[in-house]
Amino acid sequence: MKGKIIVSPSILSADFANLERDIHRVEVSGADWLHVDVMDGHFVPNITIGVPVVASVKKVAKIPLDVHLMIENPRKYVEPFAHAGADILTFHYEAVKEDEISDLIKYIKSFGMKAGMSIKPKTHADKCFMFLEELDMLLVMTVEPGFGGQMFMADCAEKINQIREKSEDIIIQVDGGINKETAEICKGNGANSLVAGSYIYKSDNIEKAILSLK
Ligand code: DX5
Ligand code: ZN
C-alpha cells in the first residue's frame with residue numbers, strides 16, 4: 001500500500017501535568033493524529049484516562065483525536081466519547097460479542113466518527129476479515145494492551161500483511177513498541193498508520209522521531 005503514513009503519537013507517554021504543552025509539541029513536529037489510550041482496569045490491568053480528559057484535550061488539540069478504547073462494554077461509551085470530541089473511535093474485537101460488531105460499527109459512524117476495531121496479539125487476523133468493508137480502520141496490537149514502553153512482538157507483523165491482502169483501502173494502524181526499525185517492518189507489511197508513545201515522547205528530537213516513522 002502506497003501513500004501517506006499517519007503518525008499518531010500516544011499521549012500515554014506524555015507528561016500529564018503538562019498535557020497541553022506535550023500535545024503542542026507533537027503537533028508542531030508533524031503528528032497527524034493524537035492517540036488517546038482509554039483503559040478501564042477490567043479489559044486491561046491499567047487505568048488511564050476517561051471522557052472528561054478527552055473533552056479537555058479536544059479544546060487544545062488541533063489535529064484529530066484517535067481514541068483507543070481498551071475497555072469492556074465499549075458501546076456504552078460511544079456517545080460520551082463522541083460528545084467529548086473523538087474523531088476516530090476504536091474498540092477491541094475481544095470486548096464485543098461477534099454478532100454485535102456490525103451494529104456497533106454503524107453506531108460509531110452515526111455520530112460522524114471513523115470506526116476502528118483492534119485485535120490483541122493472540123487474536124488471529126481472520127477474525128476481522130468479515131468486518132473490513134464496514135470499518136475505517138483496523139488496529140493491530142503488537143504488544144499486550146495495557147502499558148506503554150513494551151517490546152514489539154514481531155510475530156504479529158504477519159497479520160498486517162494478511163489484512164492488507166484482503167483490503168487495499170482500510171487504514172491499518174499498528175500500536176506497541178513502534179520505533180524507526182519496527183515501523184519499517186510494519187510499513188513493509190502494509191501498515192499505513194503508526195502509533196508511538198515512548199519512542200516519540202522520550203526522544204531528544206521529537207520532530208526527527210516523527211519524521212523517521214513516515
Ligand atoms: C498500549 C497502548 C499504546 C501505548 C504505546 O496498550 O495502546 O498506545 O501507548 O506505547 P509505546 O509506543 O511506548 O509502545
Ligand atoms: Zn493505543
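Ground rules: I'm looking at a predicted model, where local features need pLDDT of at least 70 and side-chain atom pairs pLDDT 80 or more, while totals for chains, interfaces and linings use all residues.

Ligand next. I found 20 residues around ligand 1, with D37, G146, D175, G197 and S198 the closest; a residue is in if one of its heavy atoms lies within 4 Å.

I checked polar contacts (N or O pairs within 3.5 Å). A polar side-chain atom of D37 sits 2.7 Å from a ligand 1 oxygen. Polar backbone atoms also come up: one of G146 is 2.7 Å from an oxygen of ligand 1, and one of G197 is 2.8 Å from an oxygen of ligand 1. How much of ligand 1's 390 Å² does the protein bury? I get 100%, by Shrake-Rupley with a 1.4 Å probe.

Then the fold. I see eight helices and eight strands, taken as DSSP runs (helices H or I, at least four residues; strands E, at least two). β2 (34-39), β3 (65-70) and β8 (193-196) each put at least two residues into the shell, and β2 gives the most, three.

Last, the C-alpha trace spans about 45 × 35 × 30 Å along its principal axes.

Terms used: Residues numbered from 1 in each chain as written. Chains lettered and ligands numbered in written order. Heavy atoms only, no water. Polar contact = N/O pair within 3.5 Å; in protein donor to acceptor, adjacent residues only side chain to side chain.
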